[in-house]
Amino acid sequence: NKQVVLKDYVSGFPKESDMHIIEGTVTLKLPEASSEVLLFKNLYLSCDPYMRILMTEGASSYTPGSPLTGYGVGRVLESGHLDYKKGDLVWGITKWEEYSLVSSDQTLFKIQHTDVPLSYYTGILGMPGMTAYVGFFELCSPKKGEKVFVSAASGAVGQLVGQFAKLAGCYVVGSAGSKEKVDLLKNKLGFDEAFNYKEESDLNAALKRCFPEGIDIYFENVGGKTLDAVLLNMRLHGRISVCGMISQYNLTQPEGVTNLANMIFKRIRMQGFIVSDSYNLYPKFLEFLLPHIREGKVMYVEDIAEGLENGPAALVGLYSGRNFGKQVLVVSRE
Ligand code: NDP
């Protein structure tokens with residue numbers, strides 16, 4: 001049972017060498033009296049930015065020497081739980097290894113629709129999709145004609161926020177870290193405008209150029225300097241959905257936000273959220289999104305890495321923007 005294991009706690013930027021691949025053992029049998037345990041074959045694993053936060057020593061961090069945990073798609077090989085049976089496909093929290101014993105009281109959803117790629121349940125139809133849906137529709141209450149800005153816009157979450165904003169009749173601009181990503185946003189994903197934040201010496205000026213009348217909704221994925229420039233450009237009664245701050249995850253000292261008082265003057269609502277608090281909305285989300293996918297009205301870009309041994313590189317690549325779209329790791333296709 002091949003596993004991706006954290007060697008030791010990480011400080012600063014994570015490196016491939018912070019993890020290694022080991023040959024672990026798994027008993028391919030359920031323990032006795034295991035009514036809550038499933039034996040899983042992992043098929044697709046999700047590389048997610050929050051995983052870096054769990055590599056820092058702390059109460060809920062990863063355990064060095066043990067496989068990473070994270071979201072993934074798997075097939076049930078054996079089940080001690082009445083709701084799951086052999087052969088079921090599921091997505092939820094699993095481990096970075098070929099086979100896992102998974103407790104059914106963790107986040108776990110049975111996959112009912114298999115007419116779409118199974119890897120979608122690590123992205124558009126899984127945790128990142130729900131994040132875009134909850135953070136945009138539930139927290140920001142978008143109205144037709146409003147002006148929306150999304151950072152890390154070509155990523156797993158951002159590419160959907162932009163498309164949802166268009167479905168809601170908004171004007172949407174995204175920022176991303178390369179020319180190829182900016183082209184994707186403008187030419188394939190339907191963003192009205194996009195810019196490469198790495199090539200803008202003055203983010204405030206870039207935002208003024210794209211939003212001469214200001215921003216109504218900001219979907220925050222990166223934090224730091226971007227958030228500071230956005231605060232200057234928000235409109236009265238704007239909303240900021242604080243989804244993530246990836247630019248801060250590897251810093252030992254967070255970068256200061258100096259424009260925070262704009263929240264008061266402009267009566268901005270800025271709200272943080274954790275997607276797992278809203279998993280009760282998953283059926284409503286599927287009902288909304290599946291028809292759009294089937295009709296080709298919403299698309300999803302994936303960056304597929306093959307094999308557990310390429311997992312550390314794929315995960316570390318998120319923090320330098322190496323991924324082009326949702327970073328998926330294939331463990332097995334069947
Ligand atoms: P992505 O697929 O967008 O991958 C991460 C991207 O972040 C990279 O491709 C890179 O794109 C960008 N990035 C990396 N470092 C920096 C930096 N220093 N400054 C600016 N951009 C950077 O990830 P996700 O879509 O999965 O996640 C996006 C955000 O949402 C993250 O902050 C994540 O933590 C958060 N999140 C929060 C959840 C919640 O429940 N609140 C749930 C899921 C995600 P580029 O080339 O454009 O720089």
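Student: At what angle do helix α5 (residues 203–210) and helix α6 (residues 224–233) pack, and how far apart are their axes?

Tutor: This is a predicted model, and the values below are computed from it. Helix α5 (residues 203–210) packs against helix α6 (residues 224–233) at an angle of about 45°, and their axes are 9 Å apart. Because of that angle, α5 is oblique to α6. The crossing in which α5 passes α6 is right-handed. On the α5 side, Leu203, Asn204, Leu207 and Lys208 make the contact. On the α6 side, the contact is made by Lys225, Thr226, Ala229, Val230, Leu232 and Asn233. Sorted by type, the residues of this contact are five nonpolar, three polar and two charged.

The axes of α2 (127–140) and helix α3 (residues 158–167) come within 9 Å and cross at roughly 45°. That angle is why α2 counts as oblique to α3. Here too the handedness is given: α2 passes α3 in a right-handed crossing. From α2 the contact takes Gly129, Ala132, Phe136 and Phe137, and from α3 it takes Leu160, Val161, Phe164 and Ala165. The make-up of this contact is seven nonpolar, one polar and no charged residues.

Now for the chain as a whole. A domain assignment divides the chain into domain 1 (2–123 + 300–330) and domain 2 (127–276). The centres of the two domains, taken over C-alpha atoms, are separated by 28 Å. Between the domains, 17 residues of domain 1 are in contact with 17 residues of domain 2. The side of domain 1 that touches domain 2 consists of eight nonpolar, seven polar and two charged residues.

The ligand is the last item. It is surrounded by 31 residues, and the closest are Gly155, Gly177, Gly244, Ser247 and Gly321. Helix α2, from the second pair above, returns here: α2 (127–140) and β15 (326–330) are the elements that give two or more residues to the shell around the ligand. By type, that shell holds 16 nonpolar, twelve polar and three charged residues. Both domains take part in the shell, since at least three of its residues come from domain 1 (2–123 + 300–330) and at least three from domain 2 (127–276).

Key:
Residues are numbered from 1 along each chain as its sequence is written. This is a predicted model: local features need pLDDT of at least 70, side-chain atom pairs count only at pLDDT 80 or more; totals for chains, interfaces and linings use all residues. A residue is near a molecule or strand if its C-beta atom, placed from the backbone, lies within 6 Å of it. Helices (H or I, at least four residues) and strands (E, at least two) are DSSP runs, numbered from the N terminus. Ala, Val, Leu, Ile, Met, Phe, Trp, Tyr, Cys and Pro count as nonpolar, Asp, Glu, Lys and Arg as charged, and the others, Gly among them, as polar. Domain bounds come from an automatic or database domain assignment. Two residues are in contact if their C-beta atoms, placed from the backbone, lie within 7 Å. Axes are lines fitted to C-alpha atoms, for helices over the stretch in contact, and angles run from 0 to 180 degrees between N-to-C directions. Angles under 35 degrees count as roughly parallel, over 145 as roughly antiparallel, 65 to 115 as roughly perpendicular and the rest as oblique. A crossing is left-handed if the near helix is turned anticlockwise from the far one by less than a right angle, and right-handed if clockwise.
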